[in-house]
Each structure stands twice: as structure tokens, then as C-alpha cells.
2 protein chains.
Amino acid sequence: MGEESSLLKESTSINDTNMVEEVEERDPESNPLNEPLLKRNRTLSSNPLALVGAKVSYIESLDYEINENDLFKQDWRSRSRTQVLQYIFWKWTLAFLVGLLTGVIATLINLAVENIAGYKFLAVVNFIQKERYLRGFLYFTGINFLLTFVASILCVCFAPTAAGPGIPEIKAYLNGVDTPNMYGATTLFVKIIGSIGAVSAGLDLGKEGPLVHIGSCIASLLGQGGPDNYRIKWRWLRYFNNDRDRRDLITCGASSGAPVGGVLFALEEVATWWRSALLWRTFFSTAVVVVVLRASIELCHKGKCGLFGEGGLIMYDVSDVTVRYNVMDIIPVVIIGVLGGVLGSLYNYLLHKVLRVYNLINQKGKMYKLLLSLSVAIFTSACQYGLPFLAKCTPCDPSLSDVCPTNGRSGNFKQFNCPKGYYNDLATLLLTTNDDAVRNIFSTNTPLEYQPSSIIIFFALYCILGLITFGIAVPSGLFLPIILMGSGYGRLLGILMGPHTNIDQGLFAVLGAASLMAGSMRMTVSLCVIFLELTNNLLLLPITMIVLLIAKTVGDSFNPSIYEIILHLKGLPFMDANPEPWMRNLTVGELVDVKPAVVSFKGVEKVANIVNALKNTTHNGFPVMDCGLVPTTGVANEATELHGIILRAHLIQVLKKKWFLKERRRTEEWEVREKFTWVELAEREGNIEDVAVTKEEMEMFVDLHPLTNTTPFTVLESMSVAKAMVLFRQVGLRHMLVVPKYQASGVSPVIGILTRQDLLAYNILTVFPHLAKSKRK
Amino acid sequence: MGEESSLLKESTSINDTNMVEEVEERDPESNPLNEPLLKRNRTLSSNPLALVGAKVSYIESLDYEINENDLFKQDWRSRSRTQVLQYIFWKWTLAFLVGLLTGVIATLINLAVENIAGYKFLAVVNFIQKERYLRGFLYFTGINFLLTFVASILCVCFAPTAAGPGIPEIKAYLNGVDTPNMYGATTLFVKIIGSIGAVSAGLDLGKEGPLVHIGSCIASLLGQGGPDNYRIKWRWLRYFNNDRDRRDLITCGASSGAPVGGVLFALEEVATWWRSALLWRTFFSTAVVVVVLRASIELCHKGKCGLFGEGGLIMYDVSDVTVRYNVMDIIPVVIIGVLGGVLGSLYNYLLHKVLRVYNLINQKGKMYKLLLSLSVAIFTSACQYGLPFLAKCTPCDPSLSDVCPTNGRSGNFKQFNCPKGYYNDLATLLLTTNDDAVRNIFSTNTPLEYQPSSIIIFFALYCILGLITFGIAVPSGLFLPIILMGSGYGRLLGILMGPHTNIDQGLFAVLGAASLMAGSMRMTVSLCVIFLELTNNLLLLPITMIVLLIAKTVGDSFNPSIYEIILHLKGLPFMDANPEPWMRNLTVGELVDVKPAVVSFKGVEKVANIVNALKNTTHNGFPVMDCGLVPTTGVANEATELHGIILRAHLIQVLKKKWFLKERRRTEEWEVREKFTWVELAEREGNIEDVAVTKEEMEMFVDLHPLTNTTPFTVLESMSVAKAMVLFRQVGLRHMLVVPKYQASGVSPVIGILTRQDLLAYNILTVFPHLAKSKRK
């Protein structure tokens with residue numbers, strides 16, 4: 001085996017590996033997911049030259065295609081009608097429960113945030129009214145420091161994956177890349193508490209992204225019957241113990257987390273695969289969430305839930321604005337769109353840089369992570385409290401019906417340090433919850449409410465906060481920071497354009513927010529629906545669409561969307577929807593040529609060979625081939641038959657259960673059925689290192705036929721990479737076999753196996769750099 | 001060639017053929033699409049035993065995958081950046097134009113219908129007020145007869161494809177089956193005028209389905225630069241001369257035609273393939289339509305457009321109803337759902353029977369078609385006018401704020417033959433436009449408006465009309481008839497349940513309509529959005545969803561959806577989203593075994609062989625193979641190389657242009673580039689019968705390499721049919737090559753070609769009837 005095993009060692013980097021748990025045991029900090037923002041894998045797994053000492057992505061790919069082996073077929077044939085109905089019933093029940101629980105948790109988060117932040121602001125206002133400014137500052141900063149501390153310490157110590165929005169990881173999961181520790185009970189708990197803490201602390205982040213993650217966690221936990229160590233092992237739950245059903249559930253969860261335009265958000269941004277049956281189930285979950293949220297608002301009406309009820313969900317209403325725009329108003333609309341595109345891509349660029357720096361800090365240890373969060377919290381509090389003192393007091397406009405000045409928790413004209421009859425416009429924007437700040441800056445028919453200088457300060461502050469807050473170790477959403485920034489320059493533009501346009505300043509703020517969202521996130525349809533729901537005015541639709549379209553187009557010409565940048569930073573092998581143009585000039589045959597030779601098994605294989613292959617490679621799939629004559633046709637030549645592909649996980653099961661044969665023979669169906677059930681084979685646990693095989697057993701045989709997936713997807717070696725990628729993504733593959741275009745004896749029926757990593761544009765370009773040049777040309 | 005050509009003749013039925021135009025020339029009446037409701041093709045194309053004298057589907061499949069041959073690659077490499085930008089610009093402009101024109105035409109149709117029907121009813125009311133009932137009847141029936149005559153004669157004589165809703169054919173088109181004469185200028189014109197005539201004539205049909213077809217026609221005409229004989233041949237338009245771009249445009253058109261929930265309708269019901277880029281373009285088109293419609297309503301405000309403006313688009317508002325339901329109200333909701341499912345599937349069943357009978361009548365000739373339409377029109381008019389005389393006059397309720405009684409065109413309390421202060425409730429429902437009838441039966445807070453007997457008459461009449469009207473030769477939508485029927489039993493249930501529930505009768509009518517829609521059409525999400533928009537009340541969402549879900553589930557347990565039934569009746573080879581369970585037990589190898597042998601070409605082939613193959617088969621794709629040694633590996637054995645697949649259309653181009661070689665050699669790239677352009681190859685025109693080849697030329701050669709698609713999709717013979725079908729549908733294939741799982745000299749590298757027809761469940765079951773048994777078990 002000398003020669004062979006060294007050959008096998010060379011191929012250790014073939015992408016999807018099984019080493020996750022191992023790595024984690026060694027040191028949780030070195031886990032790629034505890035350091036989420038480092039670009040880890042610059043090596044192309046398919047390039048043998050670049051392999052020495054290379055790090056590979058330790059993340060295993062998911063298997064969305066049905067693994068059609070004898071056992072599966074047998075199990076599938078024996079499923080009764082009752083079991084099928086049971087399965088359908090539970091599928092819908094789970095979708096309902098996902099919606100219900102997500103709705104309840106969303107309500108709880110809103111309730112907690114509104115109350116904590118509300119009482120905090122009431123106390124601060126109290127200090128200010130008594131002109132005890134320093135004490136007010138200390139109180140304000142102290143509370144915020146404490147809240148951030150709670151959120152951050154939980155994230156740092158218990159669930160590093162709970163930091164950030166979680167949306168990129170969910171996107172990757174639905175694309176076929178499983179990030180470990182992403183959907184556990186601890187993560188869920190930390191995400192909920194952390195989100196409450198961070199949002200109440202007034203940090204420049206939203207609770208929308210985390211809610212999507214929370215929905216997905218709930219879906220995953222429900223599907224597997226509870227937390228890892230306390231799973232309910234009901235029989236029917238086992239039907240959901242496979243990648244396909246879990247993917248569908250998590251899609252439901254993700255759209256439940258974004259109830260406003262949730263289905264479209266999931267469809268446009270998050271999900272890779274989509275079926276119309278899933279559309280309906282997702283819609284059902286989302287509707288349940290909406291009903292729960294509405295019901296909670298009804299229940300909490302008139303102060304039954306503390307300070308909750310006045311604020312609540314983000315739902316701004318500009319339906320009372322008389323929308324009257326003429327043809328010339330297209331000019332400010334186009335300007336906003338272009339600005340949104342430019343600023344959005346600039347934001348993406350700068351955030352990328354900041355995240356790289358943060359990553360270096362975070363790498364140094366838990367203490368540094370915590371300190372970083374706390375510094376950002378103190379800076380935020382200081383600015384929010386201190387900057388309003390710079391603003392001049394503005395006299396109240398008696399012609400407006402709104403209360404002015406206000407001292408309560410929410411309200412459009414905050415008195416702050418001003419005398420009676422005057423308000424501080426900067427305090428209105430800064431010394432309030434983020435939701436209320438958005439509501440205030442979106443306020444319509446108040447053209448003189450804000451001084452340009454205040455808006456400039458607001459915009460500048462939130463640009464800085466938007467860049468420095470996102471990367472800290474607390475759950476954070478990107479929606480709200482971007483809306484705040486965007487509404488800032490939108491309103492500013494509104495003030496500047498005021499004499500020349502009919503469009504209201506509040507509408508300018510809304511359009512600014514929309515343009516920056518489109519310029520940074522590059523979503524369009526779901527944003528359009530979200531802003532349609534916010535503005536509640538169908539006549540605004542055309543201008544919103546123009547703004548979004550321009551901003552997205554301008555942004556796309558500079559850099560990719562923020563989610564793609566984060567995915568790239570995390571080194572997640574995400575497969576794009578559209579192949580690169582140069583992929584048409586490359587065949588899969590050329591791609592396979594630069595990969596190490598395939599490791600394959602015979603139909604009835606020696607145990608020793610299997611153990612060696614598993615120990616010396618990290619492949620997760622091995623082709624199974626038989627030799628002999630072609631049985632059906634009369635050809636007398638020697639022939640090789642491609643029987644199928646077998647998974648590492650199944651081989652390990654065989655070794656663990658010691659399903660060995662004394663002689664080289666094929667088994668009967670009942671033999672394998674006695675030993676394995678289909679449900680067991682759906683498990684992915686097990687490691688070759690844990691398997692002990694004696695010397696005698698090494699000389700025995702295993703019949704791989706019944707466990708082999710006999711229907712792998714294949715492509716000819718002359719297939720272009722572009723088309724292969726479309727197939728890979730559309731059907732949801734994990735392994736794609738490359739077969740020769742030549743038909744002759746002595747040619748192997750499989751000349752290579754392609755996986756997700758091999759088809760990633762970045763990886764291909766490291767081996768074929770000349771393609772990058774043709775790309776530029 | 002004796003032996004071979006007879007063998008080739010046997011294989012003439014391999015599905016997608018090129019014979020459409022030929023057939024049409026012979027006799028337009030024998031065209032499958034002029035007799036839309038006959039189940040034509042009961043023969044499995046892949047069964048050689050069933051072939052003798054068998055009819056096959058003359059409809060050609062579409063090619064959504066990119067045909068990657070040398071010419072395409074060359075053309076594609078040479079496209080400049082400007083050309084790419086030009087293409088994107090025109091793509092969006094076309095999407096805009098599709099929306100704009102569809103919106104304008106929808107407005108025109110509404111305007112015409114409201115005015116024609118309005119003045120008709122005013123005149124009739126005039127007669128009735130003067131108690132000249134017979135003259136009123138003759139006038140009413142005469143006008144309706146005339147309108148139906150115009151609509152029907154146009155459909156019968158000029159555009160038979162304009163009859164019916166058109167949605168099934170669009171669904172089939174987007175699935176990959178091109179129905180001829182479906183998207184022409186004549187069809188568009190007839191559809192518009194016919195729709196106006198039929199709807200104004202008070203027939204029991206809607207304008208929603210036809211509008212979807214109109215949108216698609218506009219999209220198709222714009223994409224190809226105008227009607228067939230007057231096409232604009234602009235250079236950029238040629239970019240859209242391919243199946244992919246045409247499909248995308250028609251998707252935009254189809255969703256523009258259904259602006260209420262259009263994108264979701266297209267997504268759920270109509271489209272087979274979907275990309276997120278298309279989502280946004282479709283949304284854009286739909287938004288343009290909505291803006292145009294809204295603007296037209298604004299413009300027509302206060303009688304500027306005749307009688308238009310009071311009625312208009314279907315938009316009922318039940319937002320003023322206090323929705324208060326408790327847990328026990330779940331019982332009527334469940335009853336409505338179950339009833340909707342049962343009645344919906346019963347309707348599907350009966351309509352199927354009626355359509356079969358109609359088909360026999362329609363087959364007899366144009367005169368019979370016309371007579372059928374006119375009889376239905378007379379019957380409808382007689383019932384609408386005569387039945388209200390059966391109803392007792394009801395005294396007006398002075399506590400209601402509505403005008404009572406009314407004599408105008410619309411209004412909830414029609415006086416008809418009653419004395420002052422009384423109204424005729426059946427006239428309110430029958431002697432009005434369908435839109436107003438729906439509005440009246442949906443009316444809320446009027447629990448005593450209708451007598452149960454009137455509602456029963458209404459329901460019974462519309463059940464009969466709904467069954468007999470759909471199949472006649474006029475453009476007809478299914479939405480409105482089903483809504484009318486459903487609201488009938490909904491309201492009736494409301495009256496019966498009145499004392500036991502809090503739900504308003506109008507709401508019962510809405511829920512009844514929703515349940516019958518779901519029970520018959522089996523759509524869910526788009527219906528939910530449509531009814532959400534109709535009811536404008538988010539709190540109704542949960543009960544609407546429960547009703548839809550139950551009705552769909554109950555309906556599905558009886559028969560397929562109405563669209564599927566019509567697709568099946570028309571014999572369109574539609575490919576379902578989900579493979580049948582028994583397809584997992586069948587391999588593509590077994591499927592290929594019952595098909596005739598593959599006809600293949602050598603890389604450089606004799607002209608005579610090509611002409612013979614084209615004349616004697618109806619295949620549209622032929623594999624191209626080379627013989628020789630394997631060049632890369634050191635294997636010395638004889639080898640066959642699979643070069644790719646060549647299309648019939650391209651072979652005909654070669655023959656027409658006489659691109660022949662004197663000797664057997666391979667050509668240089670410039671030689672083919674001189675003769676062909678990629679744009680020419682995108683054309684599908686040409687027939688082998690039109691090609692004249694001399695005897696000398698027959699002995700010459702053609703180099704097929706540059707025109708061969710070198711990247712065909714392949715599956716192993718051991719692949720299950722279920723998985724092959726997923727691949728076929730997901731990637732949008734036309735031909736799928738089956739390759740052997742054995743690797744040996746002498747084995748052909750292609751053992752069969754599968755097309756759409758071979759993968760249809762129905763066709764497979766005729767050859768493998770035992771699978772049907774396993775299915776039942």
C-alpha cells in the first residue's frame with residue numbers, strides 16, 4: 001500500500017471533509033466558525049500543486065438529492081399509506097409550529113426591547129429635566145454598557161455563531177453548505193437574549209436579521225425533535241432526519257423571521273432551491289407569524305404590556321401624504337438612485353476593510369472580543385447623549401397637530417435640554433430607540449422640523465456607527481443601520497431640493513433608505529414589497545422601483561452585495577446562480593485533469609482497502625465499479641461497470657457494525673435489511689478514527705452493492721463547466737461523476753468526481769489564471 | 001439503404017416532430033389546435049409495437065438549454081461589451097413595453113365592456129319601467145346574440161386558438177411545448193375583440209384568463225419584432241430570437257395579464273422555470289400594468305369615459321366589516337372548505353365530460369361551432385331576463401344607507417318589475433354585468449337582502465352556465481364563473497348558518513368563492529394573495545388560508561386540477577413537477593430498450609446518409625460519433641468518441657446552403673463562419689421536403705463537427721426515471737442522451753435518446769402496465 005497511500009494522502013484536500021468535530025475538540029477558538037470573518041481557504045482543493053500544508057474548508061456539503069440505494073428503495077416501497085399521510089400531517093404541523101413559535105418569540109423580543117429601552121429613556125429624560133446632565137450621562141452609558149456586556153459575554157462564551165445576522169450562513173445552508181453549531185438550542189437562546197440586550201443598548205443594529213436566524217433555529221430544532229442532547233425520538237420525527245426535509249423546514253423558518261415580504265425575501269435572497277409546494281408551506285408559516293404579531297399588538301393595546309404597543313413593529317405609514325409628482329421629479333429620483341448605488345457599494349467596500357481589521361482583533365482572544373464590543377457601546381452612548389448638545393433649540397411650530405415638545409419615550413419633538421416651547425431636533429433623532437429614530441426621520445409634512453446641520457451630524461454619526469458596530473460579537477442585523485444611514489442622506493437631499501420638487505421630505509428619507517438598501521444588499525423585489533408595505537401607497541411604486549433599479553445597477557458595477565462579501569470573508573463555498581462567462585471555455589475534463597486520481601472500490605471490497613482509503617483520504621464519496629463481461633449485449637470484450645457511488649458515512653456504518661463477509665460474494669437483500677435501516681443511514685455521525693478493526697477482519701470482505709447509490713448524476717468530460725454548474729446547482733448535487741466521452745476497453749468509466757469546491761469560480765481561477773485574463777478582456 | 005430505411009420508418013413517431021406546418025397546410029381544421037379539446041395522442045412514441053398507424057403529437061419541443069456548438073462559442077466570444085449592454089437595455093425596455101401595452105389594452109377592454117353592457121342594461125331597464133317586457137326581452141337577447149356572434153365568428157374563422165382562456169397553452173409553452181399559432185397578431189386581435197364581445201354579451205365567463213393570453217401575445221410579438229409577415233428586422237432584436245429569451249418575455253407577459261397577484265400567479269401556476277433575475281423583471285412589468293390601470297381609473301373619474309369608472313376592475317372591499325370570529329366559527333369555515341373541495345372536483349369532473357361532448361359537436365364544422373355558441377348565448381339571455389320574474393318583490397330596508405330601489409346600470413337593489421319601494425333580489429344578481437353580480441353577492445352588512453330561494457336559483461343557474469359556457473368558441477376565462485358559483489353556495493351557507501355564527505354573509509360568499517377556486521384550480525398562494533387584496537383585511541388571512549388548504553386537499557384526493565384536465569384533453573405533453581412514485585422502480589435503460597435504435601451520424605458524414613435519415617425519421621436530434629484511438633490515454637484499443645448531438649434544423653440549413661465537401665475532411669473554423677451566422681441557426685424554419693439535392697451532391701460530405709452541440713446532457717442507463725425527469729425539467733432539456741454504464745470496446749457510447757414524450761407518465765404506463773398496478777397497490 002506504500003505507493004498508494006501516499007497517493008491517497010495527496011488528495012486529502014478534496015473539498016467536503018468530515019473533520020469538523022475533530023477540529024472543534026482540539027480548540028474551539030480555532031474553529032473557522034468561531035472566527036467568522038477570516039478568509040480562510042485560498043487554496044484550490046483541486047490543484048495538487050497547491051496542496052502542501054494547505055488549509056481546506058472543514059465544512060461538509062449537504063446531500064439534497066435522494067441517495068437511491070437498495071436499502072432506500074426497499075424502505076420506500078414498504079412505506080404504507082398511513083405513514084405517508086402521517087408524514088404530510090407532521091410536515092404541516094411543523095410549519096405551523098415554526099410560525100407560531102417565531103411569532104411568539106418576535107413578540108417577546110419586541111416587548112422586552114420596548115420596555116427596557118423605554119424605561120431607560122424615561123429615566124434619562126428625568127435627569128435632563130432636572131438638569132443633572134452628568135448623572136444622566138453616567139446612567140445612560142452605564143445601562144447601555146451593562147446590556148451590551150450581557151449580550152456580548154453570551155455570544156463570546158457560549159455561542160460564537162450567534163453573533164452577526166446569521167443570514168449569510170442560512171443562505172449558505174440552503175445552498176448546500178452546513179455550518180456547524182449554527183442551529184442549536186444554545187445559539188437560539190443566546191441569539192434571543194443577545195438581540196434583546198444589543199437592541200435595548202441602543203447600538204446601531206437591528207433585530208430583523210437575528211429574527212431570521214431565530215426562525216431557522218426553531219425550524220431546525222423542531223425538525224430534529226429538540227436540542228442535540230435531549231432529542232425526542234418519536235418515530236415520525238425520523239422522517240425529517242434528512243437533508244431535504246431539514247432544508248425545507250429551515251426555508252420556512254427563515255421566511256417566518258422576516259414576516260414583512262418574508263416569502264419573497266426567502267425566494268429572492270436566501271433560498272437556492274424552490275418548489276411551488278414549498279411556496280405554499282412557507283406562506284403558511286409567514287401568515288401564522290403575521291397573525292401572532294397582529295394579535296399581540298391587539299392584546300397589548302392601551303398599555304397592557306408596559307411601554308410596548310406605542311412603538312412595536314416597523315410599520316411607517318406615509319399613506320396620508322398626497323403623492324403628486326410631475327415628470328421633472330424624475331431628476332431627484334434618479335439622483336437618489338445613483339447616490340444609493342455609489343454609497344451602498346462604498347459601504348460594502350469599507351465594511352469589508354473594517355471586518356478584516358476586526359477579525360485580527362477578535363483572533364486575539366475572548367477578552368479582546370468583549371472589549372471591542374464594550375468600546376463600541378461606550379462610544380455609541382457618548383455620541384447619542386453628547387451630540388444633541390451641539391444642536392440649537394428650535395421653536396415649536398404651533399400649526400402642527402403633534403405634541404411639542406415631548407419628554408416621553410417616543411415622540412417627534414424631543415425637548416431634551418431646551419426651554420418650554422422649544423425642541424432639540426438632534427435629540428429627536430439620536431436619543432431614542434432605532435425604530436423611533438426611523439419613524440421620526442420618515443415623518444411627513446414637517447419640512448422645517450430638522451436643521452440641515454443636525455441631519456448632517458446624524459448621517460455622519462450613523463455612517464461611523466454602521467461601519468464599526470456590525471462586526472462586534474453581538475447579534476446584529478444590517479437592515480436598520482442601512483435604513484438609518486440612507487434616510488439621513490435622503491432627508492438631507494430633500495432639504496436641499498425642497499424648493500424645486502413636490503416630493504415630501506419624509507418621502508425623500510424613505511427613498512434614500514430604499515436606495516441604500518438596494519445599493520448595498522442588491523435585493524429588489526422583496527425590498528420593493530417591504531417599502532410598499534411601509535409606505536402603504538401604491539402610487540409610490542413606480543418611483544420606488546426606479547430608485548431600486550438604478551441603485552442596484554450602479555452598485556453591481558462596483559462590487560458584489562454585502563451578503564456575498566460576508567460569505568466570501570467567511571470562506572463558505574457558496575455556489576452562485578449564474579456561471580461566469582469564461583466557464584463556457586473550460587470543460588469538466590480539463591478540471592478533472594488537475595485533480596488527484598479518483599479512489600474507487602470494487603463491488604465486493606476487502607475491508608483493509610476500505611479502512612485505508614477512509615483513513616488516507618477525506619473524500620466523502622467513492623465510485624463503486626465491477627469488472628467482467630457485458631451481460632446484455634453480445635460483446636465479448638473485457639468491460640468495467642460503473643455501479644454507483646458510496647458515501648463515507650455509510651462505509652463507516654458498515655465498519656462500525658462489522659458487516660463483514662468471510663468470502664468474496666454478493667449478499668442477499670435480507671442480509672443487509674437485517675443489519676441496517678434506512679433511518680440509521682441518514683445519520684452523518686461517526687468518524688473513521690473511532691472504528692476499531694482487528695487484523696483478521698481486515699482480510700474479510702464487504703459487499704458494497706446494497707449500500708451504493710446506483711443513480712449518481714454524471715456529465716461527459718466534454719461538458720462545459722458552465723453547464724455542469726447549472727446542473728449541480730439546479731438539482732442540488734453533492735458529487736458529480738465525470739465520465740469519459742470515449743468508449744473503449746481499459747478506459748475507466750469514471751475519470752473524476754467534481755464537488756462544490758471544484759466548481760467555484762475562485763478555486764478554478766487559481767489553477768487556470770489565464771481564464772481570469774480572458775475575463776477581463 | 002433498404003433495410004435501414006425501413007427501420008428508420010418504424011421510428012417516425014419519436015415525439016417532437018417538425019410536421020406542424022405541413023399538417024396545417026393540408027387542412028386547418030385537422031390541426032390539433034383547431035380542435036382543442038380532443039385527446040389526440042394515446043400512443044406511446046417509445047413503444048415500437050404500438051406504432052403502426054399511430055397519431056403522434058405534432059408539437060415541437062422547445063430548446064431552453066444553450067446549444068453549445070463551435071459557432072455559438074465563436075459568436076459568443078466576439079460579442080462586445082456594448083452589445084451586451086444593448087441587450088440588457090432592450091430586455092428591460094421590452095419588459096416595460098409589455099407592461100404598458102397590456103395595461104392599455106386591459107383598460108380599453110374594461111372601458112368597452114362597461115360602456116356596451118352599461119348602455120344595454122339602461123335600455124332594458126327603460127323597457128321594463130314602461131312594462132314592455134317582451135320588447136325588453138327581444139332587445140336584450142338580440143344585443144347579446146349579436147355580440148356573441150361577433151366574438152364567435154372571429155374565433156371560428158380567423159383564430160381558433162383565441163377561444164378559451166389560453167392559460168393551459170401558456171403553461172405548456174413555459175414548460176417547453178410550443179403550440180403553433182398561439183401568439184400571433186391575428187390571435188391577439190381576435191382575443192381582444194372577442195373578449196369584449198363575449199363579456200359584454202353577459203355570457204358566464206371572465207376577462208381575466210384572456211388577459212393573461214393577451215399579455216403573452218404582446219410579449220411574443222414584441223420579442224420577434226411584430227407580426228410574422230411584417231417583422232421589424234432590427235439587429236438587436238435578433239438577440240431575442242431564441243427560445244430562452246422568448247420564454248422569459250412570455251413569462252413577463254403572462255404575469256402582466258394577471259396584475260392582482262400576477263407575479264405569484266405566474267410563479268405558482270404558470271411558469272416551470274424560474275430565476276430570481278426573472279422575478280424582478282416580471283415584477284417590473286406587473287407594476288407598470290398596475291400603474292396604468294390606476295391611472296386610467298383616475299383619468300376616468302366622474303364620467304369622463306362614459307359609463308366606465310363606477311365598475312371597473314374587480315376590487316371588492318370588505319375592510320369595513322368588523323371581523324370578529326371566535327373559536328367555534330371554525331366549524332362553518334371547515335364546512336365551506338370541504339364543500340369547496342367536493343364541489344370543485346365535481347365541477348372538474350363534469351366540465352371534462354361536457355368538453356368531450358362539445359368536442360364531438362365542434363368537430364362537425366365551423367357552422368356547428370357557431371351554432372353552439374349562439375345557443376348558449378340565447379339560453380343565457382333568456383334565463384337572465386326571465387328568471388327574475390319568479391322572484392317575489394322585497395320591500396327596501398330604510399335603515400340601510402344604500403339607494404333602494406335602483407334602476408341604473410349598477411346598484412345593489414334593482415327595482416326591475418317591482419313597485420316603488422320594493423326591489424327584485426334575483427334581478428340584482430342576474431340582470432347585471434358579471435363583475436357587478438359578484439360585487440352584489442359579496443355585499444356585506446345586508447343579511448336580509450337575498451331570499452334563500454333567489455340564491456338557490458342563482459346558484460343552480462350559474463352551475464349550468466358554468467358548465468356549458470366554457471367550451472364554446474369565444475375567449476373565456478374560468479375565474480369569474482367559478483367565483484359566481486362559489487359565492488352562491490357560500491352566501492346560501494351564510495343564510496343557513498346565520499343564527500349560529502358571527503361571520504357576515506358577504507364574507508361567507510367570499511369564502512365560498514375562494515373554496516371553489518381552490519377546489520377546482522388547486523392554486524393556493526396566489527389565490528390567497530388575490531383574496532387578501534379583494535378583502536383588504538389581514539385578519540381574514542387565517543380563515544382564508546384554512547379554507548383554501550382544506551379545499552385543495554379535498555379536491556386533490558378526487559381528481560387533478562382543471563388546468564391539468566384541459567392540458568390532458570388537448571394532448572399537450574406537459575411535464576409535471578413531481579415524478580410519480582413508481583418512476584423510482586424504472587431505469588432509463590429499460591425505457592430506452594423499448595424504443596427503436598438510435599440513428600447517429602459520423603463526424604464527417606455523407607450527404608446521402610443525412611438526407612435519408614432526415615426523410616425517413618422525424619427525430620429532431622442526432623448523436624454525432626467519431627471512431628479512432630483514444631488520443632490522450634495510452635490505450636491502444638479501438639474507441640468510439642461521442643462528439644455531441646446535432647439538431648435537425650441545423651442539418652437542414654447545411655443542406656439548403658449546400659455546405660458540402662468534395663472529400664472526407666475536417667473543416668477550419670473560418671470555413672463555417674463564412675457560411676453560417678449564429679442568428680441564422682436560431683431559426684427553426686425549413687423542411688426536408690423543400691431541399692433539393694442533386695445526385696452528385698449526394699456523394700459529397702459534410703463536416704458536422706462545428707455545428708454539433710458538444711455539451712449534451714447525459715444520464716447513465718442505470719439512472720431511475722424519477723431522477724432523469726427531475727434533471728430534464730430542472731435544466732429545461734429537449735434531448736437527453738442515455739450512456740451505457742459499461743465501458744468496453746464495441747459498446748455504443750449512446751444507447752438511446754430520451755425526449756419529453758418518453759418521460760411522460762401516461763406514455764410510460766402504456767408500455768409498462770405492471771407499474772400502474774404497483775402504483776395502485
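Strands are DSSP runs of E with at least two residues, helices are runs of H or I with at least four, and both are numbered from the N terminus. Two strands pair if DSSP finds at least two bridges between them. B:Leu737 has B:Ile753 as its bridge partner in β11(B).

Strand β9 spans residues 736-739 of chain B. B:Met736 and B:Val738 point one way, B:Leu737 and B:Val739 the other way, and all are buried (20 or more other C-beta atoms within 10 Å of the residue's own, with C-beta atoms placed from the backbone). Strand β8 (residues 714-716) of chain B pairs with β9(B) in the parallel sense, over three bridges. Here B:Val715 is partnered by B:Val738. The chain crosses from β8(B) to β9(B) through helix α28 (residues 721-731) of chain B, in a right-handed β-α-β crossover (clockwise from the first strand over the helix to the second, with the strands pointing away from the viewer).

Chain B also meets chain A. In total, 57 residues of chain B are in contact with 56 residues of chain A (C-beta atoms, placed from the backbone, within 7 Å). Helix α11 (residues 276-299) of chain B gives the most to the chain B side, with nine residues. Two bridges join strand β6 (residues 638-647) of chain A to strand β10 (residues 742-743) of chain B, running antiparallel. A:Thr640 has B:Gln743 as its bridge partner.

Residues are numbered from 1 along each chain as its sequence is written, and chains are lettered from A and ligands numbered from 1 in the order in which they are written. As the model is predicted, local features need pLDDT of at least 70 and side-chain atom pairs count only at pLDDT 80 or more, while totals for chains, interfaces and linings use all residues.

Technical notes. Two residues are in contact if their C-beta atoms, placed from the backbone, lie within 7 Å. A residue is buried if 20 or more other C-beta atoms lie within 10 Å of its own, exposed if 12 or fewer, and partly exposed in between; C-beta atoms are placed from the backbone.
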